[in-house]
Amino acid sequence: MEKKQFQTESKKLLDMMVNSIYTHKEIFLRELISNASDALDKLYFRSLTDDSVARDRSEYEIRISTDPEKRTLSVSDNGCGMGREELETNLGTIAKSGSFDFKAANKGEKNATEVDVIGQFGVGFYSAFMVADRITVESLAFGESQAWRWESSGADGYTVEPCEKSTPGTEVTLYIKPDTEDEKYSDYLTTYKIRELVRKYSDYIRYPIRMKVEESVPKEDNKEEYEKVLKDETLNSMIPLWKKAPGEISDEEYNRFYQDKFFDFEAPLKTIHIRAEGGATYEALLFIPAHAPYNYYTKEYEKGLQLYSSGVMIMEKCADLIPDHFGFVRGLVDSADLSLNISREMLQHDRQLKVIARAIAKKIRNELEKMRDGDRTKYDTFFDAFGLQLKYGLYADYGAHKEDLQDLVMFHSAASEKGKYKTLKEYLAAMPEAQKDIYYACGETVDQIAMLPSVEGVRSRGYDVLYLTDDVDEFALKMLGEYEGKKFVNVCTENLDIATEEEKEALKGKNEELKPLLEAMKKALDNEVKDVRLTNTLKGHAVNLVSEGDLSVEMEKVLGKMPGGATGYAKASLILELNANHPVVEKLHAMLQQDPEKVETDTKILYAQARLIAGLSLENPSQVCDWICSLI
Ligand code: ADP
């Protein structure tokens, strides 16, 4: 018989399994049971619309049996089964689902962690090679007459041949490895071990997991003596985790459930277990991950919760159950009120579903607020992972989710500790009496923003400044418009109104006095800036660039970066500010009569400086350098 080779990736994984020093080899049983349960689900689901399945729900089962003499352990199910081709594609190639995330999470890391990750994710069928040196899979696909046997001893490949099997379903048989000094594989052939593993990992499986166990019972004819009989024992309670009372579930159980089901190597940051009655009756088990999946901020990521109807899954990812801004939440909803064979289209208009979705969104918001107020370090971790999503949420749908999100977003700020965030409420609470607006400044990094001349000016008056480092930040604040009646003002715009009345008067006079200089400078810059004016909001710097109107310098940059973004259309209107108290101004003023040409060049140098400080590029960098050299 021809021996076929595994796909390269499967082969690598197989090698890892076979040679694994992994301590939790026992998870193999959970993986096999979970596959069997999926196969039963598939057939059961089909039975809802296909009369040929003609089988009662109570007949679906998973069986485990052992033969200590032959050292075999079998897991069988009467589910959908696999045909020849399915055996080849499903067991000859690495499955896409879990293992894909596993590979991504593992990129570039060493063997040790690799091995650890295996147990966390589970890599399905292949994990059986951790305890077996040979595996056979006999399967009859539902509706077919020929059964097939797949067999493999690991990395050297596999064979597929016809076999005898009369009922649809699959039987996986493991030839358990011989015991070694470190590992007593024989344990997996004992009833107590199997019972323990099923309770630990597979208790919630909704089909009975049965096994024939020996029991001593008094003899019929002589009650004094005992005899051994084989009895069917159901090993699992079959109650899904979410149907149990929250008080009966340990954190460890929740975490394990989450990690197994959603393929995460880290425990969730927060678990939310809802059992609702009344308007809508449902259970929901929701998890906030501790980190963003690697593809979270890409188009590839699909939000959604699993949808169950009375314990049977009807949809893997129901997007309507969760708003986009909470798209990072994983979990499931189980409601008896939903019809089993409801179609996707119908579901969208289902009133019940909308009620549940609304309640869930509200609950998530409440839980996040609780975390924010009760465990700030945790909330910071959350915000590091998903804060960007919340800010997008503020901006999305023309600000329709403002109310939900404005108190969940945070920003860095000048006055807060390095790396820490501030909520808008906290900013407001710390505002001095004289401060009218909420100030913010934008830039690539916190350090860069801190050095902006405009920021220094506002800071010198004792006002805090929010530091916006994400592209979406300023757009989100603009969408918000105001917070508790306070406007958001970019400190790098000309309408910054922080000077006192006297200061304003004094400045007005000076602007008049130096008018000829300012005009000459504006002329020197051609049409580059809309205006050149004096200011007294700057502390140490000589010049500063601010924008006028709705479009800030930062927004211009963001729009310019967008694919197809034409900066030509979105140009901030710039104003060059001169520090009225800087000696440079006097110098230029004095020079205007004797050497207007030098004033022109110096103006260009100052303008170049201002652009660099604002993070804008220079059109003529080498010429600017030449000018500077000529000064030296
Ligand atoms: P995963 O379960 O993550 O998809 P596995 O390697 O465990 O990966 O299984 C690969 C595929 O083989 C499954 O997706 C399923 O299609 C098929 N399979 C495995 N076990 C069974 C079974 N007992 N009955 C039917 N199909 C099965």
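Is Asp334 buried or exposed? At 1% relative accessibility, Asp334 counts as buried. The legends below take this residue and several others in turn, and please keep in mind that the model is predicted.

**View 1. Asp334 and Lys243 form a salt bridge.** Here the two side chains meet at 3.8 Å, N to O. Asp334 belongs to strand 13 (residues 330–334), while Lys243 sits in the loop between strand 8 (226–234) and helix 7 (251–262). The pair therefore links distant parts of the chain, 91 residues apart. The two partners fall into separate accessibility classes: Asp334 is buried because its relative accessibility of 1% is under 20%, and Lys243, at 33%, counts as partly exposed.

**View 2. Asp464 meets Lys422 in a salt bridge.** The N to O distance in this close-up is 2.9 Å. Asp464 lies in the loop between helix 14 (453–459) and strand 17 (466–468), and Lys422 in strand 15 (residues 422–423), so the pair ties together parts that are 42 residues apart in sequence. As you look at the two side chains, note that Asp464 is buried, at 10% relative accessibility. Lys422 is buried too, with a relative accessible area of 14%.

**View 3. Lys530 and Glu548 are joined by a salt bridge.** Their side chains meet at 2.7 Å, N to O. Lys530 is in the loop between helix 17 (515–524) and strand 20, Glu548 is in strand 21, and the pair links distant parts of the chain that are 18 residues apart. Lys530 counts as partly exposed at 46% relative accessibility. Glu548 is also partly exposed, with a relative accessible area of 23%.

**View 4. Glu61 takes part in a network of salt bridges.** The linked residues are Glu61, Arg63, Arg210, Lys212 and Asp232. Side chains of opposite charge can pair when their charged atoms come close. You will find Glu61 in the loop between helix 2 (27–47) and strand 1 (62–67). Its relative accessibility is 17%, so Glu61 counts as buried. For orientation, Gly79 is 18 residues from Glu61 in sequence, and the two are 8.2 Å apart in space, C-alpha to C-alpha. To place these close-ups in context, a search of the whole structure finds 43 salt bridges.

**View 5. The second largest pocket has a lining of 21 residues.** About 370 Å³ of space lies in this pocket. Which residues lie nearest its centre? They are Glu494, Leu496, Leu507, Leu534 and Thr535. Helix 16 (501–513), strand 20 (531–535) and strand 21 (543–548) are the elements that give two or more residues to the lining. Helix 16 supplies the largest share, with 4 residues. Sorted by class, the lining has 7 nonpolar, 8 polar and 6 charged residues.

**View 6. Ile628, Leu631 and Ile632 make a nonpolar surface patch.** The patch covers about 340 Å². Ile628 lies in helix 21 (residues 621–631). How accessible is this residue, and what class does it count as? At 38% relative accessibility, Ile628 counts as partly exposed, because partly exposed covers values between the buried limit of 20% and the exposed limit of 50%.

Methods:
Residues are numbered from 1 along each chain as its sequence is written. This is a predicted model: local features need pLDDT of at least 70, side-chain atom pairs count only at pLDDT 80 or more; totals for chains, interfaces and linings use all residues. Side-chain values use heavy atoms; hydrogens and water are left out. On a 1 Å grid over the protein atoms alone, a cavity is a set of points where a 1.4 Å probe fits but cannot get out, and a pocket is an open set with protein on both sides within 12 Å along at least five of seven lines; lining residues have an atom within 4 Å of a point. Grid points are joined across faces, edges and corners, and a volume is the space filled by probe spheres set on the points. Ala, Val, Leu, Ile, Met, Phe, Trp, Tyr, Cys and Pro count as nonpolar, Asp, Glu, Lys and Arg as charged, and the others, Gly among them, as polar. Patches are made of residues with over 30% relative accessible area and no salt bridge: like charges are joined within 9 Å, nonpolar side chains (Val, Leu, Ile, Met, Phe, Trp, Tyr) within 5 Å. Accessible areas come from the Shrake-Rupley method with a 1.4 Å probe; for residues, only the protein chains shown count as cover. A salt bridge is a side-chain nitrogen of Lys or Arg within 4 Å of a carboxyl oxygen of Asp or Glu. Buried means under 20% relative accessible area, exposed over 50%, partly exposed in between (1.4 Å probe, protein chains only).
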